[in-house]
Amino acid sequence: MILKNNTITDISDFSEKIFENGLSIYEVIRVYNGHPIFLSDNLQRLDNSIKKSNIDIHVCNLHIENKLNELIRLEQMKEGNIKYVLHFTTDKTDEYIYQIPHCYPTEKDYREGVATISCPAMRNNPEVKYINNGLRDMTNRLLREHAVYEVLLIDRDGWVTEGSRSNVFFIKDGIFYTAPTRYVLPGTARKRVLDICKEQTFPLREERVAYQNLPSFDAAFITGTSPLVLPIKTIDHYPFSPDNRYLRKLMEIYFSLLNNVF
């Protein structure tokens, strides 16, 4: 089912193709043990996306948490992802809330890391989380063709910026590196990693990493709603260590947060 403008609708009558026209600002919220987790981070980013799009809507007036909980109740969800979309066209604004398929990493993925590839591509206005059908279609095709977990985007100057649906971090000599916020979509999982680094005094540099310098890094990982914190074992033909002790310590702290969400 789908909540459209707070009315229950049969999802069989719905297609995301409607988002090909107009502007669609969205969030994907993780449901864990029947509750939306880290929701305040999603709402803060949604508010930021709306403001940067010069739209006069206040997130606090949308009562999103109540609507999410209603869908969770109706769907009897215990775990999964919910998509929240504000779709703007010339004459109206529609709100959509619905469950979407998810692909969570396996225990083996977390233990051994996942394969990724790179792709020359950039987001326009990366700080706004909007539906970009062209980029999504291209990266989905690459994911299928190469049977990898994620596609990392390389900008026109050769910098590794982010994943197609994640943020990316690198580790070298115990120092964490990630691209500055102005170059990437500021993921909610990324924010929590930055907070952990600050709280634990892990050395962190918000600097872009050049693709040609990848061999000099010890470890790499992605963050996101579905992967949370997931080690990378390869980017193209470059190998990375999923057992890096700094990465494993970060993962231990991050996953402990899930047990203290409620």
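Not counting residues up to four places away in sequence, Thr-139 touches Val-151, Leu-153, Ser-164 and Arg-165, where contact means heavy atoms within 4.5 Å. The model is a predicted one, in which local features need pLDDT of at least 70 and side-chain atom pairs count only at pLDDT 80 or more, while totals for chains, interfaces and linings use all residues. Residues are numbered from 1 along each chain as its sequence is written, and side-chain values use heavy atoms, with hydrogens and water left out.

Thr-139 lies in helix H4, residues 133-146. Helices (H or I, at least four residues) and strands (E, at least two) are DSSP runs, numbered from the N terminus. The relative accessible area of Thr-139 is 0%, so this residue is buried; buried means under 20% relative accessible area, exposed over 50%, and partly exposed in between, with a 1.4 Å probe and protein chains only. Between Thr-139 and Leu-152 there are 9.2 Å from C-alpha to C-alpha, at a sequence separation of 13 residues.

The view now widens to the whole chain. Its secondary structure comprises 6 helices and 16 strands. Of its 262 residues, 51% count as buried. Among contacts with a separation of 6 or more, 70% join residues 24 or more positions apart. The C-alpha trace spans about 50 × 40 × 35 Å along its principal axes.

Helix H5 (residues 188-199) packs with helix H1 (residues 39-52) at an angle of about 115°, their axes being 9 Å apart. Axes are lines fitted to C-alpha atoms, for helices over the stretch in contact, and angles run from 0 to 180 degrees between N-to-C directions. H1 and H5 are therefore roughly perpendicular to each other, a term covering 65 to 115 degrees, with angles under 35 roughly parallel, over 145 roughly antiparallel and the rest oblique. On the H1 side, Asp-41, Asn-42, Gln-44 and Arg-45 meet Thr-188, Lys-191 and Arg-192 of H5. By class, this contact has no nonpolar, 3 polar and 4 charged residues. Ala, Val, Leu, Ile, Met, Phe, Trp, Tyr, Cys and Pro count as nonpolar, Asp, Glu, Lys and Arg as charged, and the others, Gly among them, as polar.

H5 also crosses helix H6 (residues 245-258) at roughly 115°, and the axes come within 11 Å. Ala-189, Arg-192, Val-193 and Ile-196 of H5 make the contact with Leu-250, Ile-253, Tyr-254 and Leu-257 of H6. The classes in this contact of H5 with H6 are 7 nonpolar, no polar and 1 charged residues.
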